[in-house]
Amino acid sequence: MKRNLVYLLAALLVSAASCSFTSKFDNPDKDKLLLDLISYVLENGHYNPRTIDDDFSEHVYDDYIEALDPLKRYFLQSDIDEFKKYRSAIDDQIKTSDLTFFNLTYDRLMQRMDEASVMYKDVLEKPFDYSKEENIDVDYDNLPYAKTKEELWERWRKQLKFSTLERYAYGIEGIEKKKEPQKKMTKQGIEDVIEEDPIAPGLENDDDLPDDPIALEKKTREDTQKTIGEYFDFMNDLERKDWFVVYLNSIVEEFDPHTFYFAPDEKERFDVGISGKFEGIGARLQKKNDHIKIVEVISGGPAWRGDKVEVGDEIMKVGQENETPVSIVGMRLEDAVKLIKGPKGTKVILTIKRVDGTIAEVPIVRDIVELEETYAKSSIVKKDNRTFGVINLPKFYIDFDDYNNRNAASDVAKEITELKKAGAEGLVLDLRDNGGGSLKTVVDMAGLFIKDGPIVQVKSTGKRKEVLADTDKNIQWDGPLVILVNELSASASEILAAAMQDYKRAIILGSKQTYGKGTVQNVIDLNQFLRGDNEYGDVGALKVTTQKFYRINGGSTQLEGVKSDVVVPDRYSYRDIGEKDQENPLPWDKIDAVQYNDWAGYIDYDETIEKSKERMAKNSQLTLIDENAKWVKKQQEDKEYPLNIDQYLAETEKDEQVLKEFRKISDYKTNLTYESLPYEVELMAKDSVLRQKRERWHANLSKDVYMEEALNVLEDLKMNNIKNNKVANIKD
């Protein structure tokens, strides 16, 4: 779960790295070289370096084995017994660049995966007996490893039967009830998913299930075999170097949850995520059964502008200008992407097979591709004859090569200007699910809302604390401000929310507390330590925790996060997803506060908060959301499921009765209408994809009880400001 969450929060708080390390490394074995490099950087650069001893070794061992086989479907108990002799020896192997333990586990995993790839096909050749009374235990943390191959085979049989059972049960219900399919729900509940599991039950493409029970049973097995086949195709594409990255990260994550090694490809993806742009053709690709297909054409990109490729097209060959095309059928997706991407202004020629079977060569000139979903977007909304503005910020993005090119702070400033031109009297800044980003952008953004003053304190090991402040006396927005947060608002989001809360500049509305990530990471290019004649090429980068940040009141957001002024329940209320629920988090502490003055723009600030709390306590939609969150938590704690069809259907029927009430959550309407700003309306006239995205966003906002209350709070604050004769001024 730790690694899933690390990947789910891709946008972490990062600032450009600058190091004064002087050592040079020239180990002829690349894997050993990487181990030396990473150990050196961690020892000299981490905020709170760990002692690499037997205790450290044991934790690395446990996390690494779990990462290799989290669901205990590959290794036998005899494998684990063999591995365990290294449990307290990994620290010594790190210090001597010894890869014996990694080599052993890698070779054994490849062997067990080969065996499993035969095993699942054999299991799915035979019909399942759904009348048999048996259960499956999915409590993988406490599940012992299989002692024999026969026991492991039985485990696979139950897992595959379970993955097929839900679709089979749905088909049986359709046969029995002879009615149109109702809204399909898994046992996990509304807006929830089963934890990442390649053979977890799924309900895709169920409308084509046969009416005959025998044919239905066969069809569901065939569908499961196809799904698992695609999973093994993906696993087969992984190379030894990919598994070595898993080993390296099992080591570095013992220092803290946010220290992470990036292989070259991962570093590139991280840069794209934090900047929101890349150079290429502007298409998202997916590999299935050795074929690479286009699954999305990115709005505004070169492929979109050329209008010669479509979703569903299969890319067969890739040619560079004046070079012979290369077939990418069967190629690893990462390798195919490398051929297709390239510098701005260069040409790539794609040989594509269209959905209708025709073959065509399509030349595309590569360009800068901006990922629209990364960037800030805004909307205006009318409420009781008043106009308010909403800005959604997915992350605090930055272009490290050119800060002035595009960044979150300057984009938000532009959106504020346009909202004020449209007559906005109050502003909601939506930071829900915003995992962070650039430290500089959050300081600059905070300065949009105050005259000047400190924003955040930063402390490094062995150095005096640094206070980062807004020194620009201009205020971009001096009207009422509400900031929306939830449990996944992290890092830079917490800096902004904390600063605005300390100044009493904004009312924070959302979860009981935000994520609780109060650390700063630098991304350190490992290539800088290699000699000029390096024969290995790019060796990647290490994202390492180098600092902690603190609120201007002296408190840390580490572990504790930011406590909302108005707490409202949400779907995450009872889940273990915060920093405090991760492994090896740095501790909470406190330092001295700095001098700052409260914002003087609000009358009855505390009274406004109390009014909101009273409304929320009486809100039936929030009560229902809270009940659903509790029910989902209870469902997740249930680790045993029946594999008998009658028992399964009986449990499903009980769940269905509960879910009928919870479905009202998605029926909620606020009667508020959201509209795009004039400049974006012009863009949407030429871009149907952008129009569809905005229409979908506005539809979701019109059903958003949290946004509804944020607007209520703005209305209260606006009335207070009117009493104080204070309005927002436009400063272009």
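## A pair of strands

In which sense do strands β5 and β6 pair, and over how many bridges? In this predicted model, β5 (residues 283-288) and β6 (residues 291-297) run antiparallel to each other and are joined by six bridges.

## Two faces of β5

Side chains in a regular strand alternate between the two faces of the sheet. In β5, Ala-283, Leu-285 and Lys-287 make up the covered face, while Arg-284, Gln-286 and Lys-288 lie on the uncovered one.

## An enclosed helix

Now turn to helix α15, residues 492-502. Because 11 of its 11 residues are buried, the helix is largely enclosed by the rest of the structure. The buried residues include Ile-495, Leu-496 and Met-500, and also Glu-494, Gln-501 and Asp-502. Just past the end of α15, Lys-504 adopts a positive phi of about 55°.

## The whole protein

Stepping back, you will find 21 helices and 23 strands in the protein. Of its 732 residues, 55% count as buried. The exposed surface comes to about 32,900 Å², with carbon and sulfur atoms supplying 48% of that area.

Contacts also reach along the sequence: taking those between residues at least 6 apart, 78% join residues at least 24 apart.

How values were computed
Residues numbered from 1 in each chain as written. Predicted model: local features only at pLDDT ≥ 70, side-chain atom pairs only at ≥ 80, totals over all residues. Heavy atoms only, no water. Buried < 20%, exposed > 50% of the residue type's maximum accessible area, 1.4 Å probe, protein only. Helix = DSSP H or I, 4+ residues; strand = E, 2+ residues; numbered from the N terminus. Pairing = 2+ DSSP bridges. Contact = heavy atoms within 4.5 Å. Areas by Shrake-Rupley, 256 points an atom, 1.4 Å probe, with all protein chains shown as cover.
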